[in-house]
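Hi everyone, thanks for coming.

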Amino acid sequence: MADDSTAVAGVPGPLAGRHTRPRIAVPGRFSTNASALRSRALVGSRSLLDGVYAAGGDPLVVLPSAPGGEVTEAEVSDRLSWADGILLPGGGDLAAHWSGQPDHEALYDVDVEQDAFDLTIARWALRIGLPVLAICRGSQVVNVALGGTLVQHMDERGGPIANHRNHVHHVSTTPGSRMASVVGAAVEVSCYHHQCIDTLADGLVATAHSEEGVVEGVEIPSGAGWFLGTQWHPEDTWTERPEQLAVFEAFVAACRL
């Protein structure tokens, strides 16, 4: 029998101190099918979860439960009180009505339950100062959760702005920003999106832009906790580019505090 002499709060000693990695809650994404499963699935990006793990975190995919498109911060808090940080990943489009905008025919993979959960977890985590990393859709979720709007379909903006599906390009960061301290003054990024941030929410500051002026990075200088949002996908290239791994490393480091 194991020696329980170091038991803490009723937990046997061998279990105490087991969580040496910060535990990162990652809302899963609903999928109509997945390899090796016979029905609908809840999935997480392998490259994203691997990136968090390589940076020293323990990513845990959670069910985004919001029946009927409704969930309260109290319900989210009750479920995720164990989390050391929140990672809002990419995914399908955010429904336009959340930002008070009309629907657009180009929107795809919209799921109001997914939306409601992501928006609520974003508000809750930012309000209590929990570290948050938001990627692609995740950055858009944060902007909308705080009162901002989105360009619903970039192709319709005209000029140099076009959709960034399967798009690799360079991004410049704002000197002195958290983004610049993490990835440097300029960085090559991998994008996949046709929505993007339009009107910034109060308190949200754009600290990275593409060559044509698309907001590619955001942060909240006056926020209660650590926050960074990237419109690009650092998980696409973190194994080859140290500056992309640095995004996960900075996040995980904040979750250790």
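Start with Asp-50 and Arg-46: both sit in helix H1, residues 46–54, four residues apart, which is about one turn of the helix. When I say helix or strand, I mean DSSP runs numbered from the N terminus: H or I with at least four residues for helices, E with at least two for strands. These two form a salt bridge, with their closest N and O atoms 3.0 Å apart. By salt bridge I mean a side-chain nitrogen of Lys or Arg within 4 Å of a carboxyl oxygen of Asp or Glu. Asp-50 is partly exposed, at 30% relative accessible area, while Arg-46 is exposed, at 64%. The cut-offs there: buried is under 20% relative accessible area, exposed is over 50%, and partly exposed is in between, using a 1.4 Å probe and protein chains only.

Quick word on what you're looking at. It's a predicted model, where local features need pLDDT of at least 70, side-chain atom pairs count only at pLDDT 80 or more, and totals for chains, interfaces and linings use all residues. Residues are numbered from 1 along each chain as its sequence is written, and side-chain values use heavy atoms, with hydrogens and water left out.

Another of them joins Arg-241 to Glu-188, with 2.7 Å between the closest N and O atoms. Arg-241 is in the loop between strand S13 (227–230) and helix H6 (242–256), and Glu-188 is in strand S9 (residues 186–191), so this pair ties together parts that are 53 residues apart in sequence. Both are partly exposed: Arg-241 at 30% and Glu-188 at 26%. Arg-241 also meets Glu-243 in a salt bridge, at 3.5 Å from N to O. And there's a network of salt bridges too, linking Arg-29, Asp-115, Asp-118 and Arg-137.

Last stop: Phe-248, in helix H6. Is Phe-248 buried or exposed? Buried, with a relative accessible area of 0%. Which residues does Phe-248 touch, leaving out those up to four places away in sequence? Among them are Leu-48, Gly-51, Leu-87, Ile-135 and Trp-238, where contact means heavy atoms within 4.5 Å. Val-52 is on that list as well; Phe-248 and Val-52 are 196 residues apart in sequence, yet 5.7 Å apart in space, C-alpha to C-alpha.
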